[in-house]
Amino acid sequence: MNQNVSNAADIADLKLRMRGFINDRVIPEETTLLAGGDAARDAMAALKTDAKSAGLWALGHPEELGGGGLSLMDFAYLNEIIGRSHFGQMAVGSVSMQDSIMLHRYGTAEQKAAWLDPLVAGDIYPSVGLTEPEVAGSDPTLMQTTAVLEGDSWVINGHKWFTTGANSAAFTTMFCETEPDAQRHGKFSAIIVPTGTPGYTIDRVVRTMGDTLGSHCEISLKDVRVPAENLLGERGKGFLIAQKRLGPGRIFHCMRWLGQAQRAFELMCDYANRRYAHGSLLGEKGEIQRYIAESAAEIQAARLMTLDAAQAIDAGDEARVQIALIKFWGARMLHNVIDRAIQVHGALGVTEDTPLALMYREARYARIYDGPDEVHRMTVARRLLKDPVGNAPW
Ligand SMILES: Cc1cc2nc3c(=O)[nH]c(=O)nc-3n(C[C@H](O)[C@H](O)[C@H](O)COP(=O)(O)OP(=O)(O)OC[C@H]3O[C@@H](n4cnc5c(N)ncnc54)[C@H](O)[C@@H]3O)c2cc1C
């Protein structure tokens with residue numbers, strides 16, 4: 001499907017072409033895409049077709065799946081560009097990459113044919129059900145949804161929420177307790193549940209700030225029966241599988257946040273160069289120059305931290321400290337930069353006439369999903385308290 005990308009010149013060329021595609025093709029369609037409905041569906045379908053024919057499709061996926069085979073490090077640069085638009089990942093086949101990685105790693109040949117191939121082709125979307133309203137999502141060992149093997153079927157009962165995208169997904173990877181007598185990290189298994197299975201009900205799409213189209217679903221599961229072979233990976237390994245999915249997932253978020261922050265930064269600079277008040281342009285005022293310098297420093301620090309984590313993962317490291325560091329640091333950077341860009345725009349910044357207001361609302365999620373800030377700081381601190389030089393580069 002894609003060219004084989006292997007050297008620095010290829011990457012530089014891809015960056016240039018990706019920037020052109022996101023800026024000139026995707027961003028001009030944002031208003032249509034945000035409105036939803038048939039026009040949005042048609043616009044997205046056209047973008048996907050164009051991305052495929054431009055050789056920009058699924059560049060971070062392994063080659064054997066029809067992807068571009070880029071290392072995480074190389075993909076980090078591209079994903080930042082893709083992340084400039086909320087719709088970038090979907091348009092270029094890079095949405096939910098953590099789910100493809102999970103299926104690639106743990107899926108059987110039949111599961112891959114049924115779910116992974118169409119996922120990489122952009123024909124279906126996945127969703128993931130970990131979080132439950134009754135218990136703290138930041139401690140997934142508390143999950144209460146159960147799956148019991150009856151004959152050759154899993155029978156699932158439970159209640160999930162914030163199953164993002166379930167209303168447009170072909171399936172949910174549902175994390176359920178299957179081994180009640182095991183130790184707390186060995187109780188759970190991952191089971192692929194097609195969203196149309198009887199007993200799988202989307203009770204509501206939970207309205208949230210920044211989610212204009214509605215994608216965060218509350219789901220009840222009542223005697224949902226799926227074949228035993230829908231188990232993903234081994235029984236009792238659900239917690240491990242979730243962790244392996246979340247690691248790269250957090251890095252993908254951080255790359256995307258860099259794109260959002262960079263776009264907000266460019267909007268801030270552009271406006272500061274044009275808006276005149278109290279005898280000079282905004283960009284000539286020390287206070288505004290401080291916003292610009294601080295934002296540039298925060299973006300660059302987060303970029304280098306993201307690349308550092310990507311490089312460690314490429315080298316086979318779990319990079320738990322690097323990932324946790326960039327997750328809470330990147331989320332704060334994202335908020336700060338968009339906040340300053342809004343401030344520089346004055347009243348215009350809080351209107352829907354620029355993308356900043358939506359970006360700001362979405363940025364607030366970043367401190368919560370895939371683990372709240374506090375949990376990531378706890379991970380970092382616990383590990384570094386045991387080994388204070390563990391994260392130093394020597
Ligand atoms: C936009 C968005 C999309 C999401 N998509 C999905 C999805 O697709 N699938 C899915 O399964 N889930 C999803 N989630 C859920 C998300 O992963 C959980 O919200 C997150 O793990 C936190 O769980 P919780 O909301 O139950 O908060 P809780 O675990 O109840 O935590 C509440 C607060 O307690 C504090 N806290 C928690 N632990 C500690 C600690 N150890 N030390 C100090 N303070 C602590 C934090 O301030 C935290 O915000 C999504 C959430 C959002 C906002």
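Which residues does Ile191 touch, not counting residues up to four places away in sequence? I looked this up before anything else. Ile191 touches Ala147, Trp154, Ile156, Met174, Cys176, Val226, Asn230, Leu231 and Leu232. I took contact to mean that the C-beta atoms of two residues, placed from the backbone, lie within 7 Å.

**Ground rules**

I am working with a predicted model, in which local features need pLDDT of at least 70, side-chain atom pairs count only at pLDDT 80 or more, and totals for chains, interfaces and linings use all residues. I number residues from 1 along each chain as its sequence is written.

**Core**

I went from Ile191 to the largest nonpolar core, which has 108 residues. Such a core is a set of buried Ala, Val, Leu, Ile, Met, Phe, Trp, Tyr and Cys residues joined through C-beta atoms within 7 Å. For burial I count other C-beta atoms, placed from the backbone, within 10 Å of a residue's own: 20 or more is buried, 12 or fewer is exposed, and in between is partly exposed. Ile191, Ala261, Ala264, Ile338 and Ala341 have the most contacts inside the core. Helix H8 (residues 238–272) gives the largest share of this core, 17 residues. I use helices (H or I, at least four residues) and strands (E, at least two) as DSSP runs, numbered from the N terminus.

**Arg245**

Arg245 touches Gln98, Ile101 and Met102, leaving out residues up to four places away in sequence. Between Arg245 and Met97 I read 9.2 Å, C-alpha to C-alpha, for a pair 148 residues apart in sequence.

**Helix H7**

Which residues of H7 (residues 109–120) are buried? I found Trp115, Leu116, Leu119 and Val120. They sit on the same side of H7, because they cover an arc of only 120 degrees around the axis; the arc is that of the directions from the helix axis to the C-beta atoms. An α-helix has 3.6 residues a turn, so residues three or four places apart point the same way. Glu110 and Ala113, on the other side of H7, are exposed. The cover over the buried residues of H7 includes helix H6 (97–106) and strands S1 (126–129), S4 (171–177) and S5 (188–194). After H7 comes Gly122, with a positive phi near 80 degrees.

Most residues other than glycine have a negative phi, and most peptide bonds are trans. Ser96 is in the loop between helix H5 (88–91) and H6, while His278 is in the loop between strand S9 (276–277) and strand S10 (280–281). Are they buried or exposed? Ser96 is buried, since 21 other C-beta atoms lie within 10 Å. His278 is exposed, since 6 other C-beta atoms lie within 10 Å.

**Domains and ligand**

The chain is divided into domain 1 (8–95), domain 2 (126–236) and domain 3 (240–386), with bounds that come from an automatic or database domain assignment. I found nine residues of domain 2 in contact with 10 residues of domain 3. The side of domain 2 that touches domain 3 has six nonpolar residues, three polar and no charged. I count Ala, Val, Leu, Ile, Met, Phe, Trp, Tyr, Cys and Pro as nonpolar, Asp, Glu, Lys and Arg as charged, and the others, Gly among them, as polar. The centres of domain 2 and domain 3, taken over C-alpha atoms, are 30 Å apart.

Where does the ligand lie? Domain 2 and domain 3 both give residues to the shell around the ligand, so it lies between them. Of the 20 residues around the ligand, Leu130, Ala136, Gly137, Ser138 and Thr164 come nearest; a residue is near a molecule if its C-beta atom, placed from the backbone, lies within 6 Å of it. I counted 10 nonpolar, eight polar and two charged residues in the shell. S1, strand S3 (153–164) and helix H12 (373–386) each supply at least two residues of the shell.
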